[in-house]
Amino acid sequence: MGHGILLSGGAEVDFNIHGVFQYSFFGHTVWITTSHICILIVMLLLVAFAIAANRCMAKASEVPGGFQNVVELMVEKLDNMVGGSMGQAAPRFQNYIGTIFIFILVSNISGLLGMRPPTADYGVTLPLALITFTLIHFNKWKYQKPKTIWADLCSPLPPWLPIWMPINVISNLAVPVSLSLRLFANILSGTAMMALLYGLLGWIATAWPAVLHVYFDLFSGAIQTYVFCMLTMTYISNEIGDGTRR
């Protein structure tokens with residue numbers, strides 16, 4: 001609690017990242033921070049949900065009810081979201097998009113449980129964006145010819161006049177930065193505002209800040225999750241094109 005893992009009321013409210021404990025690794029000091037612990041909690045929640053869902057679907061009935069209905073609804077909505085954005089390429093990316101969607105969403109709304117959202121740490125959002133960046137360019141070289149890639153880098157001028165190539169290269173390299181910063185900044189701002197609210201008001205902030213939690217944690221968290229996944233699908237779909245390999 002004292003390390004700022006939980007954003008509780010009182011004088012100890014803190015939205016910064018702190019080291020919880022350290023250990024030596026090949027002569028180097030490695031810290032386990034509040035972000036690591038919050039990620040571990042989120043992962044344990046997701047693993048527990050996955051195990052429960054697997055056991056439920058193993059005994060699935062033709063007429064779903066209760067937990068089975070929730071699982072089927074989640075899978076159906078995620079599949080429809082990916083299918084509507086990626087078309088024929090959707091089956092190859094449904095698992096990845098579904099995984100990052102659920103992880104980011106649970107991380108964003110973990111503030112409702114009093115935790116510091118892992119996505120309020122740039123060390124979490126940047127690797128997610130780099131994975132997307134890798135997928136984008138892997139599919140670009142898989143489905144496009146080198147001649148087409150070169151023409152895109154030189155666009156809008158002809159391929160024999162690569163004046164715009166440095167700008168287009170910088171634009172491509174900016175994709176993971178923009179993806180990661182957008183998610184990180186929006187979640188961190190909500191986390192900071194709620195922490196400052198509790199810190200300034202103390203015991204006065206007992207029940208009514210729940211309305212702000214609904215906006216900053218639930219609504220904003222869901223919107224940022226959707227934006228991150230939608231941009232991921234859009235970037236990848238643009239590189240795949242009609243799905244014909246070069």
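## Nonpolar core

The largest nonpolar core has 33 residues, and Met81 and Ile97 have the most contacts inside it. A nonpolar core is a set of buried Ala, Val, Leu, Ile, Met, Phe, Trp, Tyr and Cys residues joined through side-chain atoms within 4.5 Å. At least two residues of this core come from each of helix H1 (34-58), H2 (67-86), H3 (90-108), H4 (122-143), H6 (165-201) and H7 (210-240). H3 gives the most, with 8 residues. Helices are DSSP runs (H or I, at least four residues), numbered from the N terminus.

This is a predicted model, in which local features need pLDDT of at least 70 and side-chain atom pairs count only at pLDDT 80 or more, while totals for chains, interfaces and linings use all residues. Residues are numbered from 1 along each chain as its sequence is written, and side-chain values use heavy atoms, without hydrogens and water.

## Aromatic pairs

The structure holds 3 aromatic pairs. Rings of Phe, Tyr and Trp (its six-membered ring) pair if their centres lie within 6.5 Å; planes under 30 degrees apart count as stacked, over 60 as edge-to-face and the rest as tilted.

Phe49 and Phe67 form an edge-to-face pair, 5.5 Å centre to centre with 75 degrees between the planes. Phe49 is in helix H1 and Phe67 in helix H2, 18 residues apart. The centres of Tyr122 and Phe184 are 5.4 Å apart and their planes are at 65 degrees, so this pair is edge-to-face. Tyr122 lies in helix H4 and Phe184 in helix H6, so the pair ties together parts 62 residues apart in sequence.

## Burial of the rings

Phe184 is buried, with a relative accessible area of 18%. Tyr122 is partly exposed, at 25%. Buried means under 20% relative accessible area, exposed over 50%, and partly exposed in between (1.4 Å probe, protein chains only).
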